[in-house]
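Here is a short report on one structure. Keep the sequence and the 3D view open as you read.

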Amino acid sequence: MKTYRFGVLGAGNMGTAIVEGAVRAGLFPPAQALLFNRSAEKREKNREKGFAVTGDYTEVYTACDTVVLGVKPQNFDEILPVLSGCRCEKPLVVSIAAGITFAKIERALGADTPVVRVMPNTPLMLGEGAAQLVKNAAATQEQLDAVRALFDTMGATAVFDEESMLNEVIPYAGSAPAYIYAFADAMVRSAVQHGVPEADALRMFCQTMIGSAKMLLRGDRTPAELIGAVCSPGGTTVEAMKVLESRGLYDILAEACDNCIARAYELGK
Ligand SMILES: NC(=O)C1=CN([C@@H]2O[C@H](COP(=O)(O)OP(=O)(O)OC[C@H]3O[C@@H](n4cnc5c(N)ncnc54)[C@H](OP(=O)(O)O)[C@@H]3O)[C@@H](O)[C@H]2O)C=CC1
Ligand SMILES: O=C(O)[C@@H]1CCC=N1
C-alpha cells in the first residue's frame, strides 16, 4: 500500500469528475486521493475540497496505488518519458485518453505495468455515464473488476477483450454527448423560430430524450418499431421523417462516426 489509494494525473474535467464520483460513492475519503494540476489556482480549489494536491505529477505516479492518466492524448509524448524515469512499485494505471494504446504506454512504463483503458463520458458527473473498459495482459481480472466497480458507481459499464473496441465505441458514448447536444440545439433553435420560449423548448425536448431513451432501453421494440408507433399514417411525424431520410441523416451519422473513430487511431500513432 502506497501513501494514497488513488491519484489523478491531470485533474481536469474528466479526472476531477472521476475522483469526485469515487469519493461520493464512499470508495475512499478525499484525503486518500492525490490530484495533480499544473495550475496553482486549481490545486488550491482541490485542496479546499479535502484532496491532497501536488504540482509534480511524478509524485502521483510514485505515491498512489491507482493512477488515472487524465491528460489529453497529445500530452502523452511529454509525460510518459518522465514517468518512465520513476523508480517505484508499479501503480495500477487507468488511462482515459482517446486512442492512446497499451503498446505506447507499455513502451514507456514497461510491459509489466498493469493498465486498464477506459472510455468514459461526461454524464458520469451526474451518475449517468457510460464507460467502456479493456485491460492489458499485466492487469489482473481483479484489477479490471475494481476499475469497473469504480465506474459502475457513475453509470453503466461494458468490458471488451479486444483493445481496438475502445476506439470503435467512442462515437457512441465517449463523444456522443456532443452529438446529442447538437441535435438538441438544432431542435431548440427551430422551436424558437416557431415562437416556443427557449426554456420551455429545452425542458420539453430533454424530457422527450429521457423518455425516448427509456422506451429504447425496455428492449421490447426495435428503434424502427418505435418510430413506426409515432408516425401516424398521413400524420405530422412522417413529413419530418421524409426530410431526415431524403437528406441522408443515417449516412451523415455513419460518416461522422467513421471520422471520430479514425481520429482515435491517429491519436494512438
Ligand atoms: N472530455 C470528455 O468528454 C472526455 C475526455 N476523455 C479523455 O479524457 C482526457 C482528459 O480530457 P478532459 O478532462 O476533457 O481535459 P482537461 O483539459 O479538462 O484536463 C486536462 C488535464 O491535463 C493537465 N495538463 C494539460 N497539459 C499538461 C501537460 N503538458 N503536462 C501535464 N499535465 C497537463 C491539465 O492541467 P491543469 O488542470 O493544471 O490545467 C488538466 O488537469 C483526454 O485524454 C480525453 O481523451 C475521455 C472521454 C470523454
Ligand atoms: O474529443 C475527444 O477526443 C474526447 C474523447 C471522447 C470525448 N472527448
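Ala98, Ile170, Gly174 and Ser175 surround ligand 2. A residue is near a molecule if its C-beta atom, placed from the backbone, lies within 6 Å of it. By class, this shell has two nonpolar, two polar and no charged residues. Ala, Val, Leu, Ile, Met, Phe, Trp, Tyr, Cys and Pro count as nonpolar, Asp, Glu, Lys and Arg as charged, and the others, Gly among them, as polar.

The model is predicted: local features need pLDDT of at least 70, side-chain atom pairs count only at pLDDT 80 or more, and totals for chains, interfaces and linings use all residues. Residues are numbered from 1 along each chain as its sequence is written, while chains are lettered from A and ligands numbered from 1 in the order in which they are written.

Ligand 1 has 26 residues around it. Gly10, Gly12, Met14, Arg38 and Ala97 come nearest. The shell around ligand 1 divides into eleven nonpolar, eleven polar and four charged residues. Helices α1 (13-24) and α4 each supply at least two residues of that shell. Which helix gives the most to the shell around ligand 1? α1 does, with three residues.

**The chain as a whole**

The protein chain has twelve helices and eight strands. Helices (H or I, at least four residues) and strands (E, at least two) are DSSP runs, numbered from the N terminus. The C-alpha atoms fill a box of roughly 70 × 40 × 30 Å, taken along the principal axes. Of the 269 residues, 31% count as buried. Buried means that 20 or more other C-beta atoms lie within 10 Å of the residue's own; exposed means 12 or fewer, and partly exposed lies in between, with C-beta atoms placed from the backbone.

The chain is divided into two domains, with bounds from an automatic or database domain assignment. Domain 1 covers 4-160 and domain 2 covers 176-267. Their centres, taken over C-alpha atoms, are 33 Å apart. Seven residues of domain 1 are in contact with five of domain 2. Contact means that two C-beta atoms, placed from the backbone, lie within 7 Å. On the side of domain 1 that touches domain 2, four residues are nonpolar, three polar and none charged.

Strand β4 (residues 64-69) is mostly covered, with five of its six residues buried. Two strands pair if DSSP finds at least two bridges between them.

| β5 (residues 92-95) | parallel | four | Leu92 |

**Two packed helices**

Helix α4 (residues 76-84) meets helix α5 (residues 102-109): their axes come within 8 Å and cross at roughly 35°. These axes are lines fitted to C-alpha atoms over the stretch in contact, and angles run from 0 to 180 degrees between N-to-C directions. α4 contributes Phe76, Leu80, Pro81, Leu83 and Ser84; α5 contributes Lys104, Ile105, Ala108 and Leu109. Seven of the residues in this contact are nonpolar, one is polar and one is charged.

**A loop residue**

Asn136 sits in the loop between β7 (129-135) and α6 (141-152). Is Asn136 buried or exposed? Asn136 is buried, because 22 other C-beta atoms lie within 10 Å. Leaving aside neighbours within four places in sequence, Asn136 is in contact with Phe102, Glu106 and Val115. Pro114 is 22 residues from Asn136 in sequence and 6.6 Å away in space, C-alpha to C-alpha.
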